[in-house]
Amino acid sequence: FRCGYDQSFPSAHPPPATAGVLGLGKGKISVLSQLVSAGVTRNVVGHCLSSKGGGYLFFGDNLIPSTGVAWTPLLSPDNHYTTGSAELLFNGKPTGIKGLKLIFDTGSSYTYFNSKTYQTIVKLIETDLKGTPLKDAKEDKTLPICWKGAKPFKSVIDVKTYFKTLTINFTNGRKNTQLQIPPESYLTISNTGNVCLGLLNGSEVGLQDSNVIGDISMQGLMIIYDNEKQQLGWVTADCNKLPRS
Ligand SMILES: *[C@@H]1O[C@H](CO)[C@@H](O)[C@H](O)[C@H]1NC(C)=O
Ligand SMILES: *[C@@H]1O[C@H](CO)[C@@H](O)[C@H](O)[C@H]1NC(C)=O
């Protein structure tokens, strides 16, 4: 653990007084690297974020299920957890978007795509919403794109039938694996009961061509960063309770 200096917080909302950063990357000062050097854990870290809030974080490989985990290689050298070449599908159909590199970053609340990918997804979603009761809610500034219904929504469950699942098809492994991003993992309900898109334009925040998978899209999944085998794994899980090790 270290003391944090110059911790910038590029957001309209002030950070809580106790804000800090738990480094889980591959760099020498990350908590993971320090635990590995101390010989107390293997060089593996993972987490399970529950849609109800909460979840768990783990070091080492004890909690990883022996079956059902999908894996894809991690690119190295790279300071982030970056996966290689992936293709984007919408409702199970190709979108023409290929060769995506994705950074898995729990430090990001939302998911970001490069401008072209973002534009493609927004168009597909908007086309789908024609003829549904959902209308643009321009007055809602929670996120860049929000929609309102006839009555305020309480939960993403109320609206998910209007939206399709996004699939990331990783094509650079020994075998193709897919990461499903259902509506619950890219939508959020605002304070005024509108539904907002938790996928954002990365070019607007200076990410250039990078794509970042953030917390919103990691809910309900155990995600494993295995720095020994240089691979990233995921499997659907009940993040509200710890699995038996
Ligand atoms: C994404 O952001 C960039 C930079 O601000 C902008 O030029 C581009 O038009 C935006 N793309 C979309 C689809 O909004
Ligand atoms: C994923 O990509 C591979 C390689 O391009 C392709 O053969 C496979 O059909 C794709 N899977 C899906 C579900 O689209």
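Tyr112 touches Leu200, Asn201, Gly202, Val205, Leu207, Asn211 and Val212, once residues up to four places away in sequence are set aside; contact here means heavy atoms within 4.5 Å. This is a predicted model, so local features need pLDDT of at least 70 and side-chain atom pairs count only at pLDDT 80 or more, while totals for chains, interfaces and linings use all residues. Residues are numbered from 1 along each chain as its sequence is written, chains are lettered from A and ligands numbered from 1 in the order in which they are written, and side-chain values use heavy atoms, with hydrogens and water left out.

Tyr112 itself sits in strand 7 (residues 111-113). Helices (H or I, at least four residues) and strands (E, at least two) are DSSP runs, numbered from the N terminus. With a relative accessibility of 16%, Tyr112 counts as buried, given that buried means under 20% relative accessible area, exposed over 50%, and partly exposed in between (1.4 Å probe, protein chains only).

On its own ligand 1 exposes 360 Å², of which the protein buries 51%; accessible areas come from the Shrake-Rupley method with a 1.4 Å probe, and for residues only the protein chains shown count as cover.

Ligand 2 has Glu87, Leu89, Asn169, Thr171, Asn176 and Gln178 around it. An oxygen of ligand 2 comes to 2.3 Å from an N or O atom in the Asn169 side chain, and an oxygen is 3.4 Å from an N or O atom in the side chain of Glu87. Taken alone, ligand 2 exposes 370 Å², and the protein buries 45% of that. Its shell splits into 1 nonpolar, 4 polar and 1 charged residues.

Ser190 is found in the loop between strand 12 (187-189) and strand 13 (195-197). At 6% relative accessibility, Ser190 counts as buried. Beyond its neighbours within four places in sequence, Ser190 is in contact with Asp140, Thr142 and Cys196. The side chains of Ser190 and Asp140 are joined by a polar contact of 2.7 Å, that is, a pair of N or O atoms within 3.5 Å; within protein, one must be able to donate a hydrogen and the other to accept it, and residues adjacent in sequence count only if both atoms are side-chain atoms.

As for the whole chain, the protein has 2 helices and 17 strands, and 42% of its 245 residues count as buried. Among contacts between residues at least 6 apart in sequence, 62% join residues at least 24 apart.

Methods: Near = heavy atom within 4 Å. Nonpolar A, V, L, I, M, F, W, Y, C, P; charged D, E, K, R; others polar.
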